[in-house]
Every structure is written in structure tokens, then in C-alpha cells.
Amino acid sequence: MSVYSIARQEWAESIFKVSTEYAIYAPVEKFKTVDYELVTAENVSEIAYNGQLPVLPLKAFFFPVKENVGQEPVADKRIIIGVRNCDLMALKLLDAVFLDEEFLDIHYQSRRENTILIGNDCYAIKETCHCTVYGLEPYPQENMDITISPVGEVLYLSVATPKGATLLTKLNMTGLREESELPESVQRKRAVIREKLKNQHKELPGLEETKAGLLKTDASFWQEYAQKCVSCGACAMICPTCHCFLLIDRQNFEKVKNWDTCQYPSFEKVAAGEDPLRRLSKRLKNRYECKYIHKPEMFNALACTGCGRCIDACIGKIDKNQIIIAACKKD
Amino acid sequence: MPGKNIYKPILFKLDEIETESPLIKTFFLHPEADFHFKTGQFVEVTIDGIGEAPYTPSSSATVSDRMEITIMKAGYVTSKMHELHPGATLGIRGPFGRGYPLEKFYGKDVIILGGGVGIAPLRCLILTMLAESEKYRKIHVCLGAKSPGDFIYKSWYPQLRAMEKINLLRAVDKADQEWDETVGVVTVLLDKLDLDFSESVAIVCGPPVMMKFGTYKLLEKGVREENIYLSMEKNMSCGLGKCGHCALGDYYVCKDGPVFTYDQIKDYPDIWI
Ligand code: SF4
Ligand code: SF4
Ligand code: FES
């Protein structure tokens, strides 16, 4: 990986220059929340490199809430800045699902290929961030084209792919300096954040233990937690790895791919009427089994990257980590 | 240049419709583009602008210029199917799933256990096997229905019975005056088979209760877990192993199934509902 440094100011100016060719999205803080916004002349200086995790999961850029897949794939060129590792690692599962060779989803593929992902070190972490529990680092590890590590007014750019290198050439920044490696201060910061994350979730078991804990839960365990669940599906919509959808028919044999979730009633109901997930408690349980037992086995990828969004989003105040801790409690 | 769009159906023309029973009709279709499937695979059928549902063809997989699908009226899409007339254009995606591993049945006694509209996919299997009947030892077809009038494909049974390779046994819950075959649940037919169950394979397709008790009875008779093939019915949307609707443990039924051996799925809860 080659490392470069550039002044924040020049980076902002240069990246804005290519906005005629690419739609550029970056995290911007508004009303105390950070979310991806289309980069414009007005907000380009407000890009939150050191901010919180964007509310929108990255998946939405590749697997939109609603997409007419009866039409030609969208091939707009995009750059997404400020992407976090939890979201990048979630792409591993989504890629396995949608880029599966047997049934390649050309709509997903086109969006994926035409997007440059610029990852970001996590400096501001939320109380609910727990990526390290599943063995992840608080900086981009896979699927990024470039990583930005900010140090004061300087941005360190680690280029990970040819796609990233090409963009850098195109930006043609006069102040770009090649560095031998990331500065000590970035390494130290990474270690500090990693420790902080580990400390805030000391009691939370890792994937293998979670699996074992879930396997020994009984129906009454889930009935208790299900009392607070209202089946709104927010946990799945906000989750960077949940990829379930429903095809809805339009005229001319077109289909619209709509986000769907096992948390909604009738998700598994068959025409004859049987429904294995009729009970809400079974739906809740299904979410956990899907994420921590079945998906890792089926796709050899994490189905929970510890982003914590589902905990932040739950209107029933269900903390999935508390459920996992309870499931793993030795009795 | 993007590749093939997996969400786009190919068009089929509806040639003919046959009423099998008040709730069941068979649709005779032909494809407007090249189309092939293997027995045990299913297709997703779209009525334009209305909806899509999965069905397993009931005609032979060795025939590719036409296809038959038998559909029971159960929900919204199937009701709309029943309202169609010959000449209609339907969309078909697929084929999906793994199909039956016929090579594993070669040289063996094959027990086919079915009931209700579950006989439809079994008809496809039987017809496909008959195209190379010398490869199998004997095909024991054990079918059940509520009453004699509820059997689909009524004109087919005399033909089947005349075939040397076929041993056809039928049971009804409730007989009428003409019925001279078995009265009782379909599983009692297994008691009438004289063969080495431990060396036989069994294929089961029918309503959930029948699948459950059929499997238990086959196990009791000595058929091995890995030789019992079950057609699992699940909610399906994409057929592609992506939408998540058909999840069954570590499997997506659409892609990894819909046919599973009993030993693959026996440890999952709720497989029979
Ligand atoms: S399950 Fe929750 S914490 Fe895990 S990746 Fe999904 S939203 Fe984030
Ligand atoms: S948790 Fe539910 S919605 Fe999310 S991927 Fe699994 S089955 Fe789909
Ligand atoms: S029907 Fe979509 S994953 Fe099986």
C-alpha cells in the first residue's frame, strides 16, 4: 500500500473538481447526526473525516431501498468518502450474495464497479460501536480503494487498489507527497481507539461463543425479549449486512427489488398458510441465528460487523448485545 | 457490456388449460426462447404486473419445447393464474434449484410417495425416469388423495399401471362405490411393498403432515436417512439465493434445494411446517 500526504484544503478543492465526473458523497454533520450528503461547493469544507459513523449503512449505495431491476443497471460514477470499516467489511457478505457467480446480480455489480470507496480511520466512536469483538479493526481493512487518516490539517492517503491510484493521478494535486509509511501518530491513535473499543465491550462474547450461547436458548428466552419488539424492522433496515428483499411486480414483466426483513410478519409464510415465523419471538430469534450462526457458515463472512446501529435504532430499546450476553451466561 | 439480467423472465405462451379438480388446474405452455430444466428444479412464473410464484413443472424434463404446470388455487397469485385463458403470455424465470440426483437412483428400487398437488412434481420425476426406465430396478409409485375424485391426472394412471417398470399403488381417505384400491392414509401403502428398504431410495412430496409421517414410516421401514428425498416448500421470492425468504438453517431452499435428503435437514426445528 502506498502512502501519501496532502493538506486538507487542497484535497477538498481537488476532489470537488472531479464532481463533474463523479457524484461524490461524504459524511456531513447536521443537527448532531452525521450522514452521507452529496458533496457541493457549499458543504465540501464540512466533510466530517473525524466524525461519527454515518447513519445510513453503506449497503444503500449498492442495494437501494427500492430498485427497478427490470431496467438496465445504473452505471453512474460515484465516489463515497468517509466509509467506515464496519460498513466495508459488511460488503464482504453482500458481495458473496449478489456477486455469486451462479446468479450474478448485474445491478449490484454495476453500482459496485462504478463506485470508488474512500475509507476513513474511526476517531470518534459511539458507545455502541463494537467491531473489535468480531475481530475487526477501527480502520479500513478490506474493500476500500483509498484510506484517509487525518492528522490535524494533513490527510494521509493509503492507496489500496489500482482504482484508488487512478483517482489520485486524476486529482493531480501539486502538494501530494509520497510517504514511506503512515506516521507514528496514526498508528498510536489506532491502538488507542482499539483499546477504547475493547474496554467499552469487555463483557461481550465473540462470534464463536455467541454461536454456542444462542444454540442453547429456549423459547421462553426469546418470548421475554420479544415483549419489547414491535416488528418495525428498523434493526434490519439500518444494518449494513441485512440483504433480504422482496420482488414486486410491475407492468411489462419488470420487477422492483424492495428491502424486506424477517422481522416483518409473513416473511416466511407459504401460499398454503403455514408460517414458521408466525410468532414474533421466533422472528426475533431468527435474526440472531441468521447473523451469528447461519450466514457466517453459508458465506464465510461476518453478518454482524459490530456497527451498533441496530441498538441505536431500536424503538423498543432492545440492546442486541445484552441479549447475547444473557444468552451466553453460564448457568 | 453487462451480463444476463437474472430478474428478467423469458416469455411463455399459454396454449391450453385443463381442470383437474375444483381447486387444481394444469397449464400447458410453450417457451418463446430456449428453455431447459432438470427434474426437481422449479421455475418462478410471473403474471404480468400481478405477481410471481414458484412451481415445479409436472411435465417431463426431457421435453423442452413445451411445459406443463399444475397449480392449486391457494393465494392471490394462484387465484389469478386460475383466471387466465389460453393465449395469455406468462413470464418464467429459472430453472432454479438442484433437482433430483437421478444417477444415485440407478439400479435401485425407487419409492415415490406423494399426495394432493404434491403429485405434480412427482409426475415430472416419473416421466423423466421413464425416458430411461432401464436404469432403475423398479419404480414404486404410492399416491394418496382425500377421495378418488381428488386425484389429479386421472387419465394418466391406467397408462402407468400398464407399464412393467411401474408398481402403482393408490390410497384414498374416503372411498366411493367404484374404488377397489386401498382405503387409508398414503403411508399404509408402504406396508404393501416387498423390497429391501435399506437399499432403496424414496422421494416424498405432498402436504406437510404427509411429508412428516411419510418420512417417519420410511425410516421405520429401514430406508436410510440419506436416501429419503424431501421437497421442501418455503416462501420464495427471488429463487436466486439472495432475498432470504426461503432460509432453512444453513441453506437457501431455492438454491440448495428445493429437494433435500432427510439427513441434511433433520436437525433444524420446524422443518415440517
Ligand atoms: S446486527 Fe446491528 S451491530 Fe451488527 S452489523 Fe447489523 S446493525 Fe450493526
Ligand atoms: S436478519 Fe433477517 S433480514 Fe437480516 S439478513 Fe437475516 S433473514 Fe434477512
Ligand atoms: S427465494 Fe430468495 S433466497 Fe431463496
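The model is predicted, with local features needing pLDDT of at least 70 and side-chain atom pairs counting only at pLDDT 80 or more, while totals for chains, interfaces and linings use all residues. Residues are numbered from 1 along each chain as its sequence is written, chains are lettered from A and ligands numbered from 1 in the order in which they are written, and side-chain values use heavy atoms, with hydrogens and water left out.

**Where chain A meets chain B**

- In contact (heavy atoms within 4.5 Å) are 43 residues of chain A and 44 residues of chain B.
- The two chains bury about 3,500 Å² between them, 57% of it on carbon and sulfur atoms; buried area is the accessible area (1.4 Å probe) that two parts lose on being put together, summed over both.
- One of the salt bridges joins B:Arg98 to A:Glu102, whose closest N and O atoms are 3.3 Å apart.
- Helices and strands are DSSP runs numbered from the N terminus (helices H or I, at least four residues; strands E, at least two), and those of chain A that each supply at least two residues of the side touching chain B include helix H2 (85-98) and helix H9 (280-299).
- H9(A) gives the most to that side of chain A, with seven residues.

**Helix H3 of chain A**

- The buried residues of H3(A) are A:Ile106, A:His107, A:Tyr108, A:Ser110, A:Arg111 and A:Arg112, and they pack against elements of chain A including strand E5 (78-83) and helix H4 (162-171).
- A:Asp105 caps the N-terminal end of H3(A), where a side-chain oxygen lies 3.0 Å from the backbone nitrogen of A:His107.

**B:Thr128**

- B:Thr128 has its place in helix H2 (residues 119-130) of chain B, and it counts as buried because its relative accessibility is 8%.
- The side chain of B:Thr128 reaches the backbone nitrogen of B:Ala61 at 3.1 Å, and, not counting residues up to four places away in sequence, B:Thr128 touches B:Thr39, B:Ser60, B:Ala61, B:Thr62 and B:Leu102.

How values were computed. Salt bridge = Lys/Arg side-chain N within 4 Å of Asp/Glu carboxyl O. Buried < 20%, exposed > 50% of the residue type's maximum accessible area, 1.4 Å probe, protein only. Polar contact = N/O pair within 3.5 Å; in protein donor to acceptor, adjacent residues only side chain to side chain.
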